[in-house]
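Take a moment to look over the model below before reading on. The paragraphs that follow go from the fold of one chain to the pairing of two chains, and then to a few individual residues.

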There are 2 protein chains.
Amino acid sequence: MPTCFIDFLSALIVLSGMLENTPYHHGHLRQSLIDEGLKALEQSGLESLSLRALAESLGVSKTAPYRHFATKRDLLTVLAAEGYQLFADKLEEWEKELINIKGKERLNRIYKVYGEFALGNPELYRLMFSRLGNSLHSERCRINAQRSFAVLIRLAEGMLDSQKDPRSLVLSLYANLHGWAMILLDDIIPPDVGVNSENWQEFALKPELY
Amino acid sequence: MPTCFIDFLSALIVLSGMLENTPYHHGHLRQSLIDEGLKALEQSGLESLSLRALAESLGVSKTAPYRHFATKRDLLTVLAAEGYQLFADKLEEWEKELINIKGKERLNRIYKVYGEFALGNPELYRLMFSRLGNSLHSERCRINAQRSFAVLIRLAEGMLDSQKDPRSLVLSLYANLHGWAMILLDDIIPPDVGVNSENWQEFALKPELY
DNA sequence: ACCTGAACACCGTTCAAGT
DNA sequence: ACCTGAACACCGTTCAAGT
């Protein structure tokens, strides 16, 4: 049987699949895996997210996802990229709101918005800032992580009394913000101190420290 | 058959097992699981640690560990407790070394020793400060976590110029230390900044900020 | 008391086959 | 091109049985 005939048959099958929208072909499986993946992530938690369960909840066989993602990790990397993009978008949005707010109050608000993102998307945040989802794994993650960091630098520049190098200072600010986020998300607050997800900002670095 | 006779038989079997040290009975399985678990943790990583693999490497059946730990999580909690104890011991040891070191240099050294523990026991640190191993899960974890925190407070008291509440300040110091530890362990350093596990302390909070 | 073996309900992943 | 089904190599965990 000549190759071109087989190609013709394949094309026919593909076309009929797309046109008739048979239940055999899902149609938007790749995007559905991403959307449903983000939902399942927050619902079941990062550790419990399973490719098989995801496939079943989309009414597709256990192995269907492998047509769109080579490994489970590849899907997680795309989910992390979605997270980094959402994070960068939020930060740029908040930057506009803080444009006229300076000094002490500005730092308070930075803590607030950063905390809102982390505590509002706990599993996504955990994925993004973990070995699995870390920004080094994809171009899209890296670009949006860089975009987020750029906003943090601009936010800090309008906050500092001193004229120190903002890049270095933003790094310690970032370490602080991430530290608090992880402490609150993983509940690793030292005992008998009375810190919780409501009042933690009172305990965080005060602006007069700068 | 009367119960006391069965008990007698059981006792006989137990005794013979202990005295003859047959290969059927391991003898120190519980402690071996903890020791081997700590090794496997750092070798294979937290996510790859498997109860079955652990059992096999100890030459025992896959289900033998269940005689000593109800669940995998229970073993992980004990491993975390070992970690918290080691951490508290190290901190108390370092406290003695820092007794005559004050101010600026003292903060540098705190960063150094904390970083040494986290980067020296990366998987153990990750387990301890995660949902799985967090100190709320066992009395022993909690006691040693509290012991560690107490050392941090004493270390900070000898460092501060101001007379602020040390507990609140230590919390922000802890968030900072933990943030840096996680950033370095998970490689989530913002791109193009040139921070790494060697030079990170130069970027961390400077003592003159206090 | 301590351990084994078979069994169950999950995983991720591969590959030949179907449409 | 896209999906299915059987199969493989892993998991954690339960339970009846062995020593």
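**From one chain to two**

Of the 210 residues of chain A, 32% count as buried, and it should be kept in mind from the outset that the model is a predicted one. The secondary structure of chain A consists of nine helices and zero strands, and when it is read along the sequence the pattern is α-α-α-α-α-α-α-α-α. If we take the contacts in chain A between residues at least 6 apart in sequence, 66% of them join residues at least 24 apart.

The domain assignment divides chain A into domain 1, which covers 13-67, and domain 2, which covers 75-209. Where these domains of chain A meet, the contact takes eight residues from domain 1 and nine residues from domain 2. Sorted by class, the side of domain 1 of chain A that touches domain 2 of chain A has five nonpolar, two polar and one charged residues.

H2(A) is followed by A:Gly45, whose phi is positive, near 95 degrees.

We can now turn to the two chains together. How many residues does each chain bring to the contact between chain A and chain B? The contact takes 34 residues from chain A and 34 residues from chain B. On the side of chain A that touches chain B, the elements that give two or more residues are helix H7 (139-157) and H8 of chain A, and H8(A) gives the most, with twelve residues. By class, this side of chain A has 20 nonpolar, nine polar and five charged residues.

The two chains can also be compared by superposition: chain A can be laid on chain B with an RMSD of 0.0 Å by a turn of 180 degrees and a shift of 0.0 Å along the axis. The two copies are therefore related as by a two-fold rotation axis. The same surface serves both copies, and 100% of the contact residues of chain A recur in chain B. Of the residues of chain A, A:Gly179 comes closest to the rotation axis, with its C-alpha at 1.8 Å.

Within chain B, the packing of two helices can be followed in detail. In general, two packed helices are described by the angle between their axes and the distance between the axes. Helix H5 (residues 103-120) of chain B and H8(B) pack at an angle of about 35 degrees, with their axes 10 Å apart, and H5(B) passes H8(B) in a right-handed crossing. On one side of this contact are B:Tyr114, B:Gly115, B:Ala118 and B:Leu119 in H5(B), and these meet B:Leu177, B:Trp180, B:Ala181, B:Leu184 and B:Leu185 in H8(B). The residues of the contact of H5(B) with H8(B) divide into eight nonpolar, one polar and no charged.

Some single residues also deserve a look. Most residues other than glycine have a negative phi. A:Asp187, however, has a positive phi of about 60 degrees although it is not a glycine, and it is found in the loop between helix H8 (166-185) and helix H9 (200-203) of chain A. Is A:Asp187 exposed, partly exposed or buried, and how many other C-beta atoms are within 10 Å? A:Asp187 is partly exposed, because 14 other C-beta atoms lie within 10 Å, whereas a buried residue would need 20 or more. In chain B, B:Asp187 likewise has a positive phi of about 60 degrees, and with 14 C-beta neighbours inside 10 Å it counts as partly exposed.

A:Gln201 lies in helix H9 of chain A and, having 16 C-beta neighbours inside 10 Å, counts as partly exposed. Leaving aside residues up to four places away in sequence, A:Gln201 touches A:Asn108, A:Tyr111 and A:Lys112. A:Lys90, placed in helix H4 (residues 72-97) of chain A, is partly exposed with 18 other C-beta atoms within 10 Å.

Technical notes: Residues are numbered from 1 along each chain as its sequence is written. Chains are lettered from A and ligands numbered from 1 in the order in which they are written. This is a predicted model: local features need pLDDT of at least 70, side-chain atom pairs count only at pLDDT 80 or more; totals for chains, interfaces and linings use all residues. Helices (H or I, at least four residues) and strands (E, at least two) are DSSP runs, numbered from the N terminus. A residue is buried if 20 or more other C-beta atoms lie within 10 Å of its own, exposed if 12 or fewer, and partly exposed in between; C-beta atoms are placed from the backbone. Two residues are in contact if their C-beta atoms, placed from the backbone, lie within 7 Å. Ala, Val, Leu, Ile, Met, Phe, Trp, Tyr, Cys and Pro count as nonpolar, Asp, Glu, Lys and Arg as charged, and the others, Gly among them, as polar. Copies are superposed by least squares on the C-alpha atoms of residues with pLDDT of at least 70 in both. Domain bounds come from an automatic or database domain assignment. Axes are lines fitted to C-alpha atoms, for helices over the stretch in contact, and angles run from 0 to 180 degrees between N-to-C directions. A crossing is left-handed if the near helix is turned anticlockwise from the far one by less than a right angle, and right-handed if clockwise.
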